[in-house]
Structures are given as structure tokens and as C-alpha cells.
Amino acid sequence: MKKIYIVAYHQSKFGKLMGMTVPEIVRAAVDGACGEAGIRPEALDVASIGAACNQTLNEQGLLAGLVAAVPGMEGKMIEGVENACASGGQAVLSVAQKLQLGFGETGIAVGYEKMRGPDGKVDGKRIGQVLGYYSHPDERPGKTFVFPHIFAEIMQQYMAEYGVPEEHLAQIAVEEYACAQHNPYAQMQGVELTLEQAMRIEGVNRYIVDGLPLKTYDCSQITDGYAALILATGEGLARLGVRRSQCVELAGYGQATDPLGRAGRDVLRPRGALRAMQAAYGMAGLKPADVNVAEIHDCFTVMGAIGTEVIGMAAPGEGARFWVDGQARVGGRCAINSSGGLIAKGHPVGATGVAMIGWCFWQLTGRAPEPLQVKAPRAAATFNIGGPVCASVCTVLRPAG
Amino acid sequence: MIETGLHGKVVIVTGAAAGIGHATAMRFALEGCRVAAWDVAPCEHCPPDWFGIQVDVSDSAAVDAAAKAVAERFGRIDVLVNNAGILRDGQLVKWRDGALAGRMTDEDFDRVIGVNLKGVFHCTRAVVPYMIRGGGGVILNASSVVALYGNFGQTNYIASKAGVIGMTKVWARELGRYRIRVNAVAPGLVETNILKDMPEKVLEEMKRRTPLGRLGRPEEIAEAYVWLASDSASFVTGAVLSVDGGIVTGT
């Protein structure tokens, strides 16, 4: 298979896009990434775009046509993809696969989500409702906020089965907020969180569902944002005039999808996720010990723990402990979510999977903000999921050298 | 890679919230520039990575503060696009049924001069010291095709836009020694909100007078700014570039 390289990455600050319209967002993502790469959209052969709530919150379909509306992008092979919160990761794979099949030598993967109103405000009820569509219909009745509810149950299950205290999961959020203070793209930059605050039920911090351990600070954010990656084959790099040494190789990837319903399967050890990660490591010819940078899908703190296990940094049930011991910090065994993660960087659903790979691109090319930059980054792993641990996109990245 | 020499440059665009200014800022972003978007209105349609500053260019002190903020944020200023502009059209005197029926007011004259002419003066004066310290720069001024030919009902506007051409030529002389190039762009009729009050009949007449037979798009003006700011225009200064579809006005 042809090798695929990441040439450039661009993202908005995560948080609020105010009055930006969907066409404006798509244009800014494409042009911004081209600007980073020093190329024109004309130089791109293929594209994919991922988003989740475009039909519902934005009343906009056929996003591929908006990519094609960017000057220089018309008449190309462009695809819109949707796999809930894994839509962004899916868009990256979609571009990589097009290039590997020979449909082009260069491409762009775009992800975005516009979840807030033009005034920056959140309609929590509506967002809870539309995100609920990404669960099995049988599992929705009786849940006001379907996803937090489902993950509150997973959190309880994780704590009970492995004997993990609530504090250990809260610590994950605390570590991520600390990183976000140094990431100018993070939604929660400027908001500090101590373990005491994360544990105390006070003010915004409350139990989301009565009788279950999930608290506000265990949750990721409602976020507007966009992200775009430019990918190329070796031949594409030559055509763009980009030096390989400035790039990162998408050395391995995997995708696997488990049944949408949570009932009857082991979400603490999600088969699809583990298989996708294993496939990515296998394709790259690398193992977890080779990786010292990672971005994982911590939509809730319990997923930070499970994600740490999925990428092979900790045994089942030991994921939270990895964080508590400081191993997930910059300077630890593997810097996990040094961007701040979904919890503190923000979670613009469709952009998240692109942004995970983008942050690792910055890490592996030494472009992360100074206090967050991992010294001697060797290789990176990403783990992006959609739905109730349903659709998984995993990648392994290494400097192209 | 396209070597325009613009990658990483710091570009201020005034009036960046909409129209030609917004398209120009977008186009500089495509070149990999760091964009400072100035506008009197909040820049609600601007990407959040642009450095947005709400500033009235007719306010000298506010402009100085905004330039300082950009220099502090990015460490330098490379390009200034003086795009902000307003219209307050009206005849010099309106004569109806043998009697004086109206005059262009002092307020309408002063406000247009304050933004379109004095604003350009304020912004350029504020950024030039940073450009000199940085070893050079590019100033681009929005004039208009009507400044070259005149137009009915636009005494104030044309005074401002013709004045901009004059300042362009003065500054090209004064600042060449600091490797600062200064040029003006004279757009023809461009599809922006500023035209929304113009009667359809007038627009049709304007199209008829345009050899290319249509209005311009904001992106087409943006292209001219980017070219003038790029290394491709390294020997161009003191020029007025018409980007107008070949229009000939003069009613």
C-alpha cells in the first residue's frame, strides 16, 4: 500500500464560532489548511468532510457540495461521512483510502461541528436530543440526556467491576484542564480545575443522573470548531514541493464498528475499538511501548481510562491509575491528551477525530505549544469513537524523517 | 508550494467583517498569513483564529491602540489593507421646482471623509513605525473607480477616494527608503451590501457600461490586494490598479 503523509494541519480555536455559517466554516477550514501548507485548493485531488449534527442543528446536508464550493475545489472526488463522534477520524481514513486506491495523490480531510447558536449560547435540551439519535432506539426511553446517561452507567460499571474510586476518574479531568491552560486552541484555557473542585458537588458540578457517579466535570464540552488535515502520497509530496522531513506518516490505521446497542456486549473491553487499535499498530509495525504521544476519546472521564487501556498503555482496569500516577503527563511514559482532550480542549463532534491526529502532527513535528511539547516524540496513537463505544477509528503516526 | 513571500506575514485588514474586506482577509489566510481583522462592527463571520479588534478607524487614539495590540500579539506588522469605507450619498445641492430642495450636509461630508480618508491616514500613520522597525512592509489603500471618473451624488465619497490616491503617491515617495511599498486599488462595482440600496436600474446601467458585462465579486478585488502585497509586485509602488471589468463611468 502507498504510504500516506500528513502535510499540514489547521484548526479553529475550539469554543464558539458565533455567526459563522456552515459554508463559511468549511471555507475557512479548507483555506486555513492550504495556507498552513503553502498550497492552493487547486492542488488537492480528493476530499472528505465529517460532521454529525449538520442535518439537525445546522439544517444542512450534502457537506461535500460545500467543500466543492470553495474556490479551487469544484469537480473533484469529495465525500461526506458520518459516524457520530468518529466522523472526523472517518474523514481522514476516507481521504487516505482514496489516495491509496489511486484516485489522487493529495487530499484534504475536514471535520467541523457548529453546536452553539450565533450568540454563542447552548440549547442543552436540543443538543441532548439530537445527540441521542446516535444511540439504539431501544436504549433511549427514560433518558433525558441519552449520552451522559449511558456513560454514567458505563462509569458506574467501570468503578464497580475494577474497584476504581471516583477520585481517580476525576483526576483525568484535572490533568486535562491543566494541559488546556497552555493550549491556545483549547476551549477551557483560562479555566482551572482542582481535584477538590472536580469532586465537590457545588455550583455547576452536579450528578447528571441521580444515583450514578457522573458529574459535570467528568463531561466533555459543547463546542463549535473546525479542523482540517492535508494528506498526500510520496508522489503528492513531490508535486506539492513539500519536504518529507516536515511531515508525519500515517503509518497505520484501523476501523471497526460494534453493534449500536450497548446491551449484550462488553463496553469496558470494547471489541471493535481493541481490534481497530491492533490493526493500526499492526499496519505501522509498532507496539504501544514505541508510542509516547496519544490523543484518546475522553468524551467522559471513564473513556479516558478505557481509552488508555485501548491504546495499550495500561491493562484493563488500570487506565485511570496511569493518570493518577502521572504517567499520562508530558514527561510521563506517554503524554495522553496533552491538548486538553475532549474534556478541556473541547469536543466539536465532527472535528474531534481530525483534531486528535492534528495535535499529534504538531507534537511529532515539534510544533506543540512549549510547555506541552513532548521531548523526543517517537510515535503517536489516536483513538476516536462514535456512539456508545460503537464506531472506532484508530491511527498510529510517526515522524516521516 | 507557491512562493508569494506571504506565508506567516502579519496582515491587518480594516473593514474585515464583511464584503471586500472579509474576502480579502480570507484570501490572505489562504496564503498562510496571520490576520488581524479590524472593523467597527463585531466580526461575527470571522474565523476565531483571526485577531479581531473592534475599532472605528476615524478614531485616531483607538487606531494607535489597535496597531499596538497587533504588534504585541504577533511581534510585527507586514501588510495593512486600508479597506474600511462608508457611503453617505447625496447631491451637492438639490434643486426642485425652481427652489433649493436640499444640500449635502456637513455631517455626511465629514463622516465619509473621517472614515474613508482620515481613517486611512490614521491607520497608515499608526502601523508605519512597526513596518520600519521590521525592515519593510506594504500599505494597500482602497480607492474606487469613481475617484478616477467622478460619479453623480458622491461628492464626499469621491473626495475621500481621490484623496486616497493622493496620499498613496505621497507615501510611496516618503516610505520607499524604508522598503515600504504603497499602492491603491480602484475597484469597480462589486457585489457587496454597500450596493443594496442602489436601484436595480442604476445597477443595470453600470453593467451596461462595463465591457465584461457584470459586477465584480469581492474575491476578485482580494486577488489584486494579495498580488500587490506579494513578492510578485516587488517593484510596484505608488500605483493605482483598476480592478473594474473595464467600466467607464462619468454621468
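**Notebook: chains A and B**

I began with a hairpin in chain B, a chain of a predicted model. Strand 5 (residues 93-96) of chain B pairs with strand 6 (residues 99-103) of chain B in the antiparallel sense, over four bridges. I looked for one facing pair and noted B:Lys94, which stands opposite B:Gly102 in strand 6 of chain B. Two residues lie between the strands of this hairpin, and B:Asp97 takes a positive phi near 50° there.

Next I looked up chain B as a whole. I listed its secondary structure as seven helices and nine strands. The C-alpha trace of chain B spans about 60 × 40 × 40 Å along its principal axes. I then checked the radius of gyration: a compact globule with 251 residues would have a value near 18 Å, and chain B, with 18 Å, agrees with that. I noted that 46% of the 251 residues of chain B count as buried. Among the contacts in chain B with a separation of 6 or more, 74% come from residues 24 or more positions apart.

I turned to where the two chains touch. Here 14 residues of chain B are in contact with 23 residues of chain A. On the chain B side, helix 1 (residues 19-30) of chain B gives the most, with three residues. I sorted the side of chain B that touches chain A by class and got seven nonpolar, three polar and four charged residues.

Then I went to the sheet in chain A. What is the strand order of the open sheet of ten strands in chain A? I read it as 3-2-4-5-1-6-10-9-7-8, with mixed pairing. Strand 3 (77-81) and strand 8 (335-336) of chain A stand at the edges with a single partner strand each, so one side of each has no neighbour in the sheet. I followed strand 3 of chain A to its pairing with strand 2 (residues 46-50) of chain A, which is in the parallel sense over five bridges. In that region A:Ile49 stands opposite A:Gly80 in strand 3 of chain A.

Last, I looked at two helices of chain A that lie across strands. Helix 1 (residues 22-37) of chain A lies across strand 1 (5-11), strand 2, strand 4 (106-113) and strand 5 (225-232) of chain A. I noted its angle to strand 5 of chain A as about 45°. Helix 3 (residues 87-100) of chain A lies across several strands of chain A, including strand 6 (248-257), strand 9 (380-386) and strand 10 (391-399). Helix 3 of chain A runs at about 165° to strand 2 of chain A.

Definitions and conventions
Residues numbered from 1 in each chain as written. Chains lettered and ligands numbered in written order. Predicted model: local features only at pLDDT ≥ 70, side-chain atom pairs only at ≥ 80, totals over all residues. Pairing = 2+ DSSP bridges. Contact = placed C-beta atoms within 7 Å. Axes fitted to C-alpha atoms, helices over the stretch in contact; angles between N-to-C directions. Nonpolar A, V, L, I, M, F, W, Y, C, P; charged D, E, K, R; others polar. Rg over C-alpha atoms; globule rule 2.2 N^0.38 Å. Buried ≥ 20, exposed ≤ 12 C-beta atoms within 10 Å, placed from the backbone.
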